Amino acid sequence: MKLWQLKNPKTGENIGGPQPLPENWGPIFGMDGVKDRLGNLSWVGIDDRCWVEVDVPDPAIDIKALVDNQAAYFLKESLAMVSPDNTSLTKAQWQAWMDYRKKLQEISLQVGYPNEVFWPAKPE
């Protein structure tokens, strides 16, 4: 992932950490539109500071947490369907929603979990 960092060009010292280039950097430094025209700001300096584009590793994605959160969301979303207060379902429809919820609760038991998950179809 590409980010920008303020550096002291004379000493190489980092000023702050890597960050997205501030949206308003151009007007503040009188350089509005320079990045769009040139793409390279390493030469743009104000006194002892310049913006330098730096590579930083992409943050690790926690696939397990994403899958678990999605399953929890679907479970919460479907809770009203199996509520005793819901009298609009037939017995077969109610059972279909219960089966759906059970499959969601057992997502972590799938062979490919968490990298390869087969989501159950939501009942009609």
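Tryptophan 4 has glutamate 53 in β4 as its bridge partner. This pairing belongs to a predicted model. Strand β1 covers residues 2-7, and strand β4 covers residues 49-55.

**Strands**
- β1 and β4 pair in the antiparallel sense. The pairing runs over 6 bridges.
- β1 also joins strand β2, residues 14-19, through 3 bridges. These two strands run antiparallel.
- Leucine 6 stands opposite isoleucine 15, a residue of β2.
- A hairpin is formed by β1 and β2, with 6 residues between them.
- Glycine 12 sits in the turn of this hairpin and has a positive phi of about 80°.

**Helices**
- Two packed helices are described by the angle between their axes and the distance between the axes.
- Helix α3 spans residues 63-78, and helix α4 spans residues 91-105.
- The axes of α3 and α4 come within 9 Å. They cross at roughly 160°.
- Angles over 145 degrees count as roughly antiparallel, and α3 and α4 are therefore roughly antiparallel to each other.
- The crossing of α3 and α4 is left-handed.

**Helix contact**
- On the α3 side, the contact is made by Ala71, Phe74, Leu75 and Ser78.
- On the α4 side, they meet Trp97, Tyr100, Arg101, Leu104 and Gln105.
- The residues of this contact between α3 and α4 comprise 6 nonpolar, 2 polar and 1 charged.

Key. Residues are numbered from 1 along each chain as its sequence is written. This is a predicted model: local features need pLDDT of at least 70, side-chain atom pairs count only at pLDDT 80 or more; totals for chains, interfaces and linings use all residues. Side-chain values use heavy atoms; hydrogens and water are left out. Axes are lines fitted to C-alpha atoms, for helices over the stretch in contact, and angles run from 0 to 180 degrees between N-to-C directions. Helices (H or I, at least four residues) and strands (E, at least two) are DSSP runs, numbered from the N terminus. Angles under 35 degrees count as roughly parallel, over 145 as roughly antiparallel, 65 to 115 as roughly perpendicular and the rest as oblique. A crossing is left-handed if the near helix is turned anticlockwise from the far one by less than a right angle, and right-handed if clockwise. Contact means heavy atoms within 4.5 Å. Ala, Val, Leu, Ile, Met, Phe, Trp, Tyr, Cys and Pro count as nonpolar, Asp, Glu, Lys and Arg as charged, and the others, Gly among them, as polar. Two strands pair if DSSP finds at least two bridges between them.
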